[in-house]
Structure formats: structure tokens, C-alpha cells
Amino acid sequence: MQSARVYVWHKAPFLRLILPLIAGILLQWQFDLAPQWLWLLLISSIVVISCYSFLSISLKYKFAVANGIVLHLLIASIGALLIYINNIKHSPAWFGNRYKEGDYLVVRLEEPLVEKANSYKAIATVLQDNGRATSGKLIIYFKKDSSIQTLSYGSLLLFHKSLQSIKNSGNPGTFDYQRYCLFNGITHQVYLTSNHFITLSLIDKNWFTQFTYTAVQRIVSTLKKYIHTPREQGLIEAMLIGYKDDLDKNLVQSYTNTGVVHIIAISGLHLALIYGLLLLVTKPLKRIRRLNLLRILIIIASLWLFSILAGAQASIIRSAVMFTGIIGAEVFHRKTSILNTLALSAFLLLCYNPFWLWDVGFQLSYSAVLSIVLFMKPIYKLVYFRNKAMDLIWQLMAVTLSAQILTTPISIFHFHQFPNLFLLTNIIAVPLSGFVLYGAIVLLAFSAIPIFAKYIGIADEFMIRCLNDYIQRMNNVSIALWDGLYITFTQTVFLLCFIAALSYFLLQKKRFALGVSLLSLLIFALLRSISFIHAERQQKLIVYNVPKHRAIDLIDGRSYRFIGDPELLEDDFLRNFYLQPSRILHRINSTNKENVIPPAFCFHNKNFLLINSAIQLTDSINKPIDVVILSKNPKLYISQLAKTAAIKQIVIDASVPAWKAKYWKHDCDSLHIPCYDVTEEGAFVMNL
């Protein structure tokens, strides 16, 4: 065991350094430590390590452990400071520190306009607040208008429309959109019509950014010219350069359900295919010693250019750093440790942007590569095929199985589902997607020769259609997906510990690892059992925050009854985005009972009154009302309602117009009745 541990730390030293960096990042985000203490820890650690370097050999040996601890504290302090510095709210120049309603803002559009269903959207950087230089980003939604389309990347706008802070819906279990935006430096949003702003004559552009946007648009227009069907267009645009505006939502869901969504999301798979193609194309240069360095520079530059054109996402930047390290080692004629290169790339990426630690693509990308590095060879060696074709198929299956080992817990934690047919879909989809990607590259290369490009486009479109049809057929299989899964963060950690320890036992035959794996599995099972017991005993009422809709769940144990707009039963997007995360979190299923209930009803000894239309208030109600839920736009006066019954709580749902909600809240405040507006405070959850 000792030799194995020494081998890992010496051959992959960045594995040791990445752990305290992650610890520092997590601690700072959780506790928001004062920066002066972090700087003090950083400087003190540097002083101690510097003094250690001047000690004699005997004293260095004596204090080696202490020096190691201080080094870890140094790295942890760096991670904590990176989080503090990268948090835009800690910047003295952040516009949120000084912005007041009615201030004039000068902003620069950071991207071309993206068309949405009812508006155009763009991210903008705030340059000035009432003439004062400032920083920070916001999202601008433009009303659809012909004059808006003249705006582009680099346009400068002047306006004084009131900003809105970005908030989450507040529904249980939903995606933390507010945190996601903050990690990208975005804190506010605003809706503008053509009358709300002035376009300044100046254009503020970065030439390289403009080049990437222009290149992307040209690539997209070329693909649309020769790939004619919209479904196939959207897929190849996403596969080649990460352009997802034209993706079919149902198609994406099919790829997700069958476990091959990594084909759509630009990742290491795509960069590996590009890398293989570059090695083949530049192979003649390798034979000439003087041109070998040029070959390496061409490969590295091409990989990074592709990564930038594809959106410079964490998963593909990780691959670019790794391949750069592998290629760079060739210059110095040194062999590289894959584990060390993997840890080094993660270390560098987190130093560049520590918020990538929360990025799902970052987590899945590193867990997949680590899983392949650790488990691919042992799995591959389990079965031997003499036939080369069968051996190649088994090799692909071994890669797929090994990648799934560490990514499964993380995938279930984030997406609450498991693709049962991932092995069958990957065997066909991964090789075919490689041919599709190469076909698109050849198409772009010959786009200047229309006659060649036409037939290449026909062939590539046929392959894309075959790929899409295969995935959708697999998705239609009844057992394709195991959904509704939910594990907590703590359960995910223990499940990963179980997998890691069991794998170590199987590979190294260390008995202590078997004990750790069994203990981790026991704790995981215990925590999961406790969560199911809590789910069986829960009794709740939830009024969801679904814009312009009424949505209420009455939860009794692991079943629920839904009260709300019929549209939410038919619209998969609205239901999956706003309601399903909460139902997965609470482990509940529909009772299949009639969802129509009377305005006044009793649920677990609590009295509720649901008002969504005008009612006559004549007789007094001789029992207190625990919760009154106001919905839609009924003609109602809170003062009259209060005379008919003793009201303990009023809840205004998201279907109520903003002006009426404001009016009702004012009345509740004057009558001293607690009032809860879900559009401002998130979902109303009442434990019964």
C-alpha cells in the first residue's frame, strides 16, 4: 500500500495539490471568510515555507509533515482568495453597489442578439452608471422590433430603465439560476423596447471576439446551406461548434434519455476526434525534424481555436489543456502521466475560474476521463476476442462501461435519471457521430467548391438522420429510462466512496478497501432509507411559482393531488422545469384522482379557501381559514373577505397580475394579515 501511495503522489503530484485548492474554494463559498484573514494565512504560509527551505537536511526531515500541512494551507488560501476575487459582488466597481432606480447606464452588448419566442436576448457589460466607470453584467431582453435587429456585438446603449435583480423561481428542487448567473458575473436583468434606449455612435469591439462570432455565423450559414432539414441542422451545429439555438428540444431530450447527450455537448470526445484528424493531416511534417515544431504548433493552435469557437466551455477547455500537455511533452521528449495531466488541467482551470467547480460539464468531464483511466484496461482485459472486429466493439464497450462508473452518481445527483440502454446507444452513436463530425469538417473545407459541397452535404445529412432516427427509436423503448431518481449530495459522496474503495479492492486486493467500501455502502443505504421514511410521513401544501399559472400540490406521504391549470398537465417543458424537480425531491407520484376540488376544502385538519373568480361574500364562516389562496384576477376586496372569516394566512399565486397583487398586499398589511406573494418570495410550502 505504501509503495502504491508513493507512486501516485510522485507520478501525479497535482493530485495532492488539487485537493486543498478545492477545499479552499468550497470553504470560502460556504462561509464567505473575510479577505484580510485569507491574505494573512497566505502570507504566513509563504513565510513559513520560505524559512523551511533554509533549514538543514535533518531539520527538514523532522518538520517535513508540518511543511506539508503549511503547503496545503497555502493552496487552500489561494482557492479561497480566488473565490473572493472572482465574485463580482466583492468588486468595489460593481454597479450593484451604487446603482439607484432611474440611473443612466451605458452598457456594451457582449454577444449578437439571440432570438427567443417573444423577445431578443443579449448579455451586456455595464460600463458607466451616471457617468461613473463601473463593472458587472446584466441580461437585456429586447421587444421584437425591426430596429432592434441592427444591434450587434459591441453596440453601446444608453438607458435609464429600472433593473430587476435576477431571482430563482423558489420552487423546491429547481435549478439555482441565480447562482449560475452570479458565477458568470451576471446579477440583474432588464426589458427594453426601442423607446427605452439610445444607441451610441461608438462601437466597442474586441477584434478576436468579433472574429469568433463572425466565424461561427459563417459556419452556421454554410451548414444550413448544405444541410437542409432543421432537425439535422440543429444537431450538426451543436456537435461541431456548440451552437444550440437551432436544437430541437425533443431531440435533445431523446439524446439525454438514452445516455448519449455527450455527443451534442461539446466535450473531450469531439476534441479527441479533432486531435486524431490533426495528427493524420500533419503526419508528413513529423518526418522532417525541422518541421516537427511547426506541426506541434499547428495542432495546438487548431485545438485551441476549435475550443474557442465551440464556446470555451469548461469540459472542452479541460480537453484542450490535457492535449496541450501531451503534445508539449513530445517537445521535451518526456512521457506524461495521464493522472497528473488531468489534475494539472483541473488545477489550472480552477485557478482561472474557481466557479467551474460547480459546472456540471466540468464535473462529468473529469469524472468520465478519470473513470476511463482507472477502469478501462481492467474491464477490457476481462474478455478476449481474437476477431479484430469483435475486439474493436468490445474495446468501445469497455470505454463506455468504464466512463459510466464514476459519472453515474454525479449524473443521477444532477439529472435524477439513469439511461438503461446507454451501452447499446453508445456502441452505434459514438462511431457514427465521429463520421458525422468528420463529414461536417470536410463539408466546410470544400464549401468553396459548391458541386463537391452539395454531395458531401447530402451524405452527411443522411448520416445525421440515421443517427437521430436511431436515438429516437431507442428512446421509444419502454425500458430506456429509469427516471424519478433522487440522491442528496451526502448520499452522492458516500456512493462515490463505495465505488472508489470497491474498485481499489478489486484492483489492488487490499482488505481495508473492502471494509471502507462496505461501510460507505451501509451509510449510503441508511441515509437513503431515512429519506424514504421521511417521505412516507410528509404532509404538505405547495403553491408553486409558475409565471402566469396556478399550480398547487397537496402532498400526502408519497402521493399528491394537483390543483392548477390544465396546460401544465400537457406542456412538458413547463411541467418538467417548474413542477417535476419538486416532485422528485419529495419522492411523490400522482394519485390519479380527479383534480377538481371545491373552493373551500379541508386537508389534514387544515382549512383552505381557493379563490380564482369573483365570489359573493354574504354569510360569515364560523371556522378559521388557515390559508386563503388567491389566483387569477377575481374581483375581491380583502377587507370584505376578512369580515367573513378569521384568516391566518393569504397566499397570492403567480397567476395574479402584478398590479392586483400589489393592491392586495397593501390591504393585507393594513389589516395585519400575513401575506405571501410567490412571485417575489418563491413557492409557498406549508408543512401540515
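# Contacts, burial and charge pairs

Modeller: Setting aside residues up to four places away in sequence, Glu111 touches Lys121, Ala122, Ile123, Ser152, Tyr153 and Tyr213, where touching is a contact, meaning heavy atoms within 4.5 Å. This is a predicted model, in which local features need pLDDT of at least 70, side-chain atom pairs count only at pLDDT 80 or more, and totals for chains, interfaces and linings use all residues. Residues are numbered from 1 along each chain as its sequence is written, and side-chain values use heavy atoms, with hydrogens and water left out.

Biologist: Why does Glu111 count as buried?

Modeller: A residue is buried when its relative accessible area is under 20%, exposed when it is over 50%, and partly exposed in between (1.4 Å probe, protein chains only). Glu111 has 19% relative accessibility, so it counts as buried. Glu111 is placed in the loop between β1 (105–109) and β2, and the C-alpha atom of Glu111 is 6.2 Å from that of Ala122, although the two are 11 residues apart along the chain.

Biologist: What lies 3.0 Å from a polar atom of the side chain of Glu111?

Modeller: The backbone nitrogen of Ile123 lies at that distance. A polar contact is a pair of N or O atoms within 3.5 Å; within protein, one must be able to donate a hydrogen and the other to accept it, and residues adjacent in sequence count only if both atoms are side-chain atoms.

Biologist: How do you know that Arg108 makes a polar contact with the side chain of Asp204?

Modeller: The side chain of Arg108 reaches the side chain of Asp204 at 2.7 Å, and the side chains of Arg108 and Glu110 are joined by a polar contact of 2.8 Å. Arg108, Glu110 and Asp204 are linked in a network of salt bridges, a salt bridge being a side-chain nitrogen of Lys or Arg within 4 Å of a carboxyl oxygen of Asp or Glu. Arg108 lies in strand β1, and its relative accessible area is 17%, so Arg108 is buried.

Biologist: Why is the pair of Glu115 and Lys144 called a salt bridge?

Modeller: The closest N and O atoms of Glu115 and Lys144 are 2.9 Å apart, and the pair forms a salt bridge. Glu115 belongs to strand β2 (residues 114–115) and Lys144 to the loop between β5 (137–143) and β6 (155–159), so the pair ties together parts that are 29 residues apart in sequence. Lys144 has a relative accessible area of 33%, so it is partly exposed.

Biologist: What makes Asp565 and Lys632 a pair that links distant parts of the chain?

Modeller: The side chains of Asp565 and Lys632 meet in a salt bridge of 2.9 Å, N to O. Asp565 is in the loop between β14 (559–564) and α21 (567–570), while Lys632 is in the loop between β18 (627–630) and α23 (638–644), and the two are 67 residues apart. Asp565, at 9% relative accessibility, counts as buried, whereas Lys632, at 28%, counts as partly exposed.

Biologist: How do you know that Lys660 has no salt bridge?

Modeller: Lys660 is buried, and the nearest side chain of opposite charge, Asp667, is 10 Å away; in this scheme Lys and Arg count as positive and Asp and Glu as negative, while His and the chain ends are not counted. The side chain of Lys660 does reach the backbone oxygen of Pro634 at 2.9 Å. Leaving aside neighbours within four places in sequence, Lys660 is in contact with Asn633, Pro634 and Lys635. Lys660 lies in helix α24 (residues 658–671).

Biologist: What makes the protein as compact as a globular protein of its length?

Modeller: The protein has 25 helices and 21 strands, where helices (H or I, at least four residues) and strands (E, at least two) are DSSP runs, numbered from the N terminus. The radius of gyration is 29 Å, close to the 26 Å that the globule rule gives for 688 residues, so the protein is as compact as a globular protein of that length. The radius is taken over C-alpha atoms, and the rule is 2.2 Å times the number of residues to the power 0.38. Of the 688 residues, 44% count as buried, and residues 24 or more positions apart account for 67% of the contacts with a separation of 6 or more.
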